[in-house]
Amino acid sequence: MKNLHAPTVPSGPTSAPATNGTSAHLSFAELQQRKDNVEAELKALGGVLDSHGVDMNTPLLTRDGYPRSDVDVAQIRTTRARIIRLKNDYKEIMANVEKFLHEHFANATESTELSTPTTAAGASGILPDSDTQSLDPPFAKVESVATNSPAELAGLKVGDEVRNFGYVNRANNDGLKKVAECVQGNEGSNIFIRVSRPSGVSSREDLRLTLTPRRNWGGRGMLGCHITPI
């Protein structure tokens, strides 16, 4: 019983140490790499739990209060503790990713506002994207937008093609799963997105929008729009 909590797998430092603000000083590429590393390790640790037939909430004691004999209780406890630490690291990494994107878009917006006259689109918070040479290819298309939804308030329209959704792009969207993760992790916070919108018969314009996911807006989900992969 004394060794019940002794780890049977190395605990060690997390693969994405974000404690004490260490990730705040990394470049965007380094943050992305750490994010990928943490996601990979979380997936591997999830596989450890799966191999024992348990999850983060499965009881490890019998009804009499004794450790279960059919599973490796010590390894499961160690794995769960590691998952919790990594999830905390992940939250901080994502907060720094969003901060980086916020500052990047804020600087780009300020530069655009100083160099171009105010337009009706600019007044509503929808800005033309001046950095057209480095735009990522679209990976999703807006199929519907609900009235008075966060998506409509942000300026999204049916037919918009999404190039960037926060930190999510064509290379890492994982079948739009990362979009859902981005939304869930940023409830009540601004997400900066880039869209390509039809303009006329054969042309398109690229825009930057600010979307704030929230519940209880009067409809389903936190966005109020439906997007599909391209």
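Author: A nonpolar core is a set of buried Ala, Val, Leu, Ile, Met, Phe, Trp, Tyr and Cys residues joined through side-chain atoms within 4.5 Å, where buried means under 20% relative accessible area with a 1.4 Å probe and protein chains only. This is a predicted model, in which local features need pLDDT of at least 70 and side-chain atom pairs count only at pLDDT 80 or more, while totals for chains, interfaces and linings use all residues. Residues are numbered from 1 along each chain as its sequence is written, and side-chain values use heavy atoms, with hydrogens and water left out.

Reader: Which residues of the largest nonpolar core touch the most other members?

Author: Among its 40 residues, they are Phe139, Phe165, Tyr167, Val179 and Ile193. The elements (DSSP runs, with helices H or I of at least four residues and strands E of at least two, numbered from the N terminus) that give two or more residues to this core include helix H1 (28-52), helix H2 (73-115) and strand S4 (191-199). H2 gives the most, with nine residues.

Reader: What does Val179 touch, not counting residues up to four places away in sequence?

Author: Taking contact as heavy atoms within 4.5 Å, Val179 touches Phe139, Phe165, Val168 and Ile227.

Reader: Which residues lie nearest the centre of the largest pocket?

Author: On a 1 Å grid over the protein atoms alone, a pocket is an open set of points where a 1.4 Å probe fits, with protein on both sides within 12 Å along at least five of seven lines, and lining residues have an atom within 4 Å of a point. Here 13 residues line the largest pocket, and Gly221, Leu223, Cys225, His226 and Ile227 lie nearest its centre. H5 gives the most to this lining, with four residues.

Note on methods:
Buried means under 20% relative accessible area, exposed over 50%, partly exposed in between (1.4 Å probe, protein chains only).
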